[in-house]
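Please look over the sequence and the structure below before reading on.

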Amino acid sequence: MEFGFYHVIGNSTSKSKSIVCKGQKMHLSRHSNQYQTLKASYFNKNCTVIDGHLIISYFTNMTDTSAFEFLDTVREITGYLFIIENYNVSLIALRNLYLIRGDDLLDNHLPFSLLIANNYNTTVYLPKLTEISAGPIQIDTSLPSPRSFVSKDMLANNPVCYLQKMNWSDIVVDQTALRKSSNLIFDVCHKVNCYKNAAHCFGPNKEDIQNLTSLECDKSCNGRRCFGAGSGQCCNAECAAGCSGPADTECNACLKFRHGDKCVDSCSKLYIYDQNKKKNIPNPNIIFKSGYECVEKCAEGLLIEGNSCVKQCGEGHAKDDKGVCHQCVGACPKKGLLIEGNSCVKQCGEGHAKDDKGVCHQCVGACPKSCSVADGTILLKDKFEEIFNNCTEIPVSFTIPDVAFQGDPYENVGALSENSLYRLQTVKSIAVINFNSLPVKNLSFLNSLEEIRGAEHK
């Protein structure tokens with residue numbers, strides 16, 4: 001498991017204050033300090049948003065019903081929630097979790113936004129879960145094999161069985177994803193009843209009755225969630241996971257961004273219009289987008305690109321020494337560097353070559369090779385093949401005398417082969433090749449030569 005930063009956004013009221021904590025990486029394995037690791041990451045931090053994933057797995061013989069109270073403040077998980085392989089745990093509760101967004105799901109055999117499976121004699125309690133925005137879910141209340149030692153009473157009272165009484169169609173936004181899930185396996189649940197035989201619930205008590213926020217909304221809500229069945233009881237268009245009233249300050253979570261106590265469509269503009277100067281100027285009070293939050297300052301480790309906080313600069317942009325991404329206009333912000341992807345580099349990486357604008361591109365076949373000697377050099381075989389082996393570009397003027405093609409036995413210098421020039425594509429200055437005594441019938445050995453830029457010669 002891996003955990004990291006947390007930062008506070010907003011003011012001190014419960015709904016407008018966001019404390020964002022980093023989620024976990026997927027590592028399903030047992031270790032001796034599993035609980036201590038999880039608790040140390042979230043205890044006393046009052047996290048309201050887990051930016052990433054939450055995995056509760058491989059806990060055994062925990063009778064303290066308050067063991068997971070440090071997660072009571074969590075209202076939103078941007079990634080997935082896995083509760084799996086727990087044995088004899090009295091209570092795993094996320095009492096204020098309204099929303100699982102389902103971002104960045106696994107693409108292997110566990111592509112779920114919510115997975116609850118292989119939990120024995122363990123109560124899972126999600127009394128406010130209202131929305132799963134994306135991804136399929138799997139709820140499996142079956143018991144581990146073999147079952148020969150499990151009585152019928154134990155089967156009927158499996159504490160996970162109240163998950164069966166929840167109306168998942170009201171919670172899961174993408175009904176296609178719900179149908180593509182494992183169809184909510186409840187093969188050991190028998191007579192589990194809600195308070196006073198209510199249709200749907202999270203548990204046996206009155207406060208556990210599930211209020212539907214989607215399926216029973218008035219038609220005027222037009223797909224939005226609601227806080228009642230009346231025509232005036234629709235949630236604001238910027239709400240996610242339901243609401244307590246119609247205003248953008250009464251959302252349980254925000255569809256796009258939270259700015260203070262409001263849910264908004266965007267945070268702020270990068271530029272504002274100056275009416276006196278009649279032109280756009282940089283916004284002096286810019287508010288940045290960071291995940292689903294509007295922030296005055298990007299968290300440590302993130303870069304600024306426009307009005308967004310990003311992990312890395314986008315393509316065609318490069319960061320400066322202040323962590324700000326700039327668009328590369330033919331060159332990087334710092335002179336002498338090349339553009340490779342979204343980074344400025346001293347030289348192109350292996351398998352890449354620069355173009356005339358200083359941009360690195362992946363080579364198709366062998367990469368171009370630029371070779372150079374002093375301007376005006378006269379080249380014989382030994383020097384040519386030493387310096388210009390497999391060159392495609394020679395940036396200076398040079399001369400190859402006819403003796404180079406004949407060789408000089410007195411100086412023990414062999415003859416230069418025509419094939420030595422077969423890859424040459426560009427000469428940026430002047431090339432002088434003497435064929436006075438060479439039996440050359442054509443220039444086919446210069447087939448690859450595309451350009452001689454004599455105008456660059458000084």
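Leaving aside residues up to four places away in sequence, Cys348 touches Leu338, Glu340, Ala353, Lys354 and Cys360, a contact being heavy atoms within 4.5 Å. The C-alpha atoms of Cys348 and Gly358, which are 10 residues apart along the chain, are separated by 9.4 Å.

## About the model

This is a predicted model, in which local features need pLDDT of at least 70 and side-chain atom pairs count only at pLDDT 80 or more, while totals for chains, interfaces and linings use all residues. Residues are numbered from 1 along each chain as its sequence is written, and side-chain values use heavy atoms, with hydrogens and water left out.

## A parallel sheet

An open sheet is formed by 4 strands in the order β4-β7-β11-β14, with parallel pairing; two strands pair if DSSP finds at least two bridges between them. Because β4 (54-57) and β14 (137-139) stand at the edges with a single partner strand each, one side of each is left without a neighbour in the sheet.

Strand β4 is joined to β7 (residues 81-84) by 4 bridges, and Ile56 has Ile83 in β7 as its bridge partner.

## The whole chain

The protein chain has 6 helices and 36 strands, and 44% of its 458 residues count as buried.

Notes
Helix = DSSP H or I, 4+ residues; strand = E, 2+ residues; numbered from the N terminus. Buried < 20%, exposed > 50% of the residue type's maximum accessible area, 1.4 Å probe, protein only.
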